[in-house]
Amino acid sequence: MTTGPLADVRVVELGGIGPGPFAGMLLADLGAEVVRVDRAERAQESDAGGPADVLNRGKRSVVLDLKHPSGPAALLQLVERADVLIEGFRPGVTERLGIGPHDCLARNPRLVYGRMTGWGQDGPLAAAAGHDITYIALTGALGAIGDADGAPQIPLNLVGDFGGGGCYLVIGVLAALHTVARTGRGQVVDAAIVDGTAHLLASTFAKLGRGEWSDERGINRFDGGWPFYAVYGTKDGRHVAVGALEPKFYRRLIELLDLDVDPDRQHDQSTWPQLRQLLEKRFAERTRDEWAALFEGTDACVAPVLSLTEAAAHPHLAARGSLIARDGVVQPAAAPRFSATPSNPGPAAPAVGADTRAVFRDWGVPERPSD
């Protein structure tokens with residue numbers, strides 16, 4: 001029995017990679033019963049199932065051959081009993097398989113049909129291949145990140161796949177479920193990574209419109225262009241992050257660094273080249289951890305730049321349980337947190353197809369596929 005605010009929600013996830021499975025994991029973390037529909041061949045993939053298959057934790061796995069007539073028929077029986085279906089194929093694929101929105105909503109008018117793509121269901125590039133890097137490149141996000149005199153810097157695949165993609169799919173699904181509760185009618189959610197990434201840039205576009213942001217990277221407030229919002233190297237070759245934007249935080253930074261600088265001239269850009277040199281020189285005098293100890297708990301807004309492994313051991317993240325270890329695998333805990341309906345990550349991802357018979361039995365499907 002699952003817990004969490006979505007404990008009564010059933011989700012069918014058509015197996016894919018990246019943002020789709022992430023959305024399914026998030027829904028599962030929130031308490032939904034998520035059944036992932038896999039291809040039998042996925043069992044041969046090295047990352048399928050087990051503790052390290054974090055994006056599929058808390059789900060159950062069934063195997064269906066959607067290219068065989070019995071596969072779509074069995075899927076539609078699951079759809080009749082589901083609240084949500086999410087898929088990440090290119091536009092038109094599920095329609096050709098007979099499991100598109102028209103087919104599924106005809107069987108279950110209350111269904112929320114979530115579609116996750118990079119380019120969206122329409123537009124000149126809808127049928128083209130792509131990845132996180134190409135989606136965020138087209139929206140302007142990639143071009144805005146990096147040093148002024150260097151190439152754009154790739155922000156992992158956090159901005160596109162998981163931020164602009166998977167998170168927005170979940171937002172859409174939750175909003176559509178609310179509409180179902182009010183009207184009894186399901187609908188299609190078209191979640192495109194380009195749309196979500198563009199939406200994430202709302203504040204940046206607002207600054208651009210007000211003339212507070214230059215359409216060049218590395219010279220703005222949040223891209224390292226301001227010397228008191230930047231990353232600096234330390235004596236041991238590591239780094240600290242400085243975010244002393246507000247005057248009172250900047251004043252505290254200058255005090256703790258013991259710099260001969262007039263804090264009232266914080267926004268006098270003529271002083272910035274010298275200020276950056278002073279900050280570079282000062283931070284190079286001590287190790288990262290020495291600086292971390294000095295700034296810990298102060299309002300100077302300075303933090304050590306940690307590796308993924310180091311982050312898991314940081315006292316603050318450890319105290320909140322933001323990162324957990326299960327079967328030797330470090331992974332994020334469920335987020336956000338709820339006071340009345342607490343949620344928790346489900347068990348490790350099952351082997352591919354391990355739950356096929358059990359799911360069809362539990363969901364009351366009269367004709368189970370062979371497995």
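A residue is called buried when its relative accessible area is under 20%, exposed when that area is over 50%, and partly exposed in between, with a 1.4 Å probe and protein chains only. The structure is a predicted model, in which local features need pLDDT of at least 70 and side-chain atom pairs count only at pLDDT 80 or more, while totals for chains, interfaces and linings use all residues. Residues are numbered from 1 along each chain as its sequence is written, and side-chain values use heavy atoms, with hydrogens and water left out.

The nonpolar interior may be taken next. A nonpolar core is a set of buried Ala, Val, Leu, Ile, Met, Phe, Trp, Tyr and Cys residues joined through side-chain atoms within 4.5 Å. The largest such core has 27 residues, and those with the most contacts inside it are Val11, Val84, Val112 and Leu169. Two or more residues each come from helix H1 (19-29), strand E4 (84-87), strand E5 (112-117), helix H6 (158-183), strand E6 (187-192) and helix H7 (193-200). Helices (H or I, at least four residues) and strands (E, at least two) are DSSP runs, numbered from the N terminus. The greatest contribution to this core is that of H6, with six residues. A second, separate core comprises 24 residues, among them Tyr232, Phe249, Leu259 and Leu275.

Contact here means heavy atoms within 4.5 Å. When residues up to four places away in sequence are not counted, Val84 touches Val9, Arg10, Val11, Val12, Leu111, Val112, Val173 and Leu177.

The aromatic side chains form a further set of interactions. A pair of aromatic rings is described by the distance of the centres and the angle of the planes. Rings of Phe, Tyr and Trp (its six-membered ring) pair if their centres lie within 6.5 Å; planes under 30 degrees apart count as stacked, over 60 as edge-to-face and the rest as tilted. The count by this rule is eleven aromatic pairs. One of them joins Trp291 and Phe295 in a tilted arrangement, 6.0 Å centre to centre and with 35 degrees between the planes. Both residues belong to helix H11 (residues 288-295), where they are four residues apart, about one turn of the helix. Trp291 counts as buried because its relative accessibility is 1%, and Phe295 is likewise buried, at 2%. Arg286 lies over the face of Trp291, 4.7 Å from the ring centre; such a placement requires NZ of Lys or CZ of Arg within 6 Å of the ring centre and within 35 degrees of the ring normal. Elsewhere, ring pairs link Trp226, Phe228, Tyr250 and Trp272 into a cluster.

Charged side chains are the next topic. Side chains of opposite charge can pair when their charged atoms come close. A salt bridge is a side-chain nitrogen of Lys or Arg within 4 Å of a carboxyl oxygen of Asp or Glu, and the count by this rule is 24. Glu80 and Arg107 form one, with their closest N and O atoms 2.6 Å apart. This pair links distant parts of the chain, since Glu80 lies in helix H2 (residues 70-80) and Arg107 in helix H4 (residues 101-107), 27 residues apart. Glu80 is partly exposed at 34% relative accessibility, and Arg107 is partly exposed at 36%.

Asp264 pairs with Arg251, the closest N and O atoms being 2.9 Å apart. Asp264 is in the loop between helix H9 (247-257) and helix H10 (272-283), whereas Arg251 is in helix H9, 13 residues apart. Asp264 is exposed, with a relative accessible area of 65%, while Arg251 is partly exposed at 36%. Glu285 forms a salt bridge with Arg282, with closest N and O atoms 3.2 Å apart.

Two individual residues complete the account. Gln331 is part of strand E11 (residues 329-332) and is buried, with a relative accessible area of 4%. Beyond its neighbours within four places in sequence, Gln331 is in contact with Pro51, Val54, Arg57, Ser322, Leu323, Ile324 and Arg326. Arg39 is found in the loop between strand E2 (33-38) and strand E3 (59-63) and is partly exposed, at 43% relative accessible area. With neighbours within four places set aside, Arg39 is in contact with Glu45, Val63, Leu64 and Val352.
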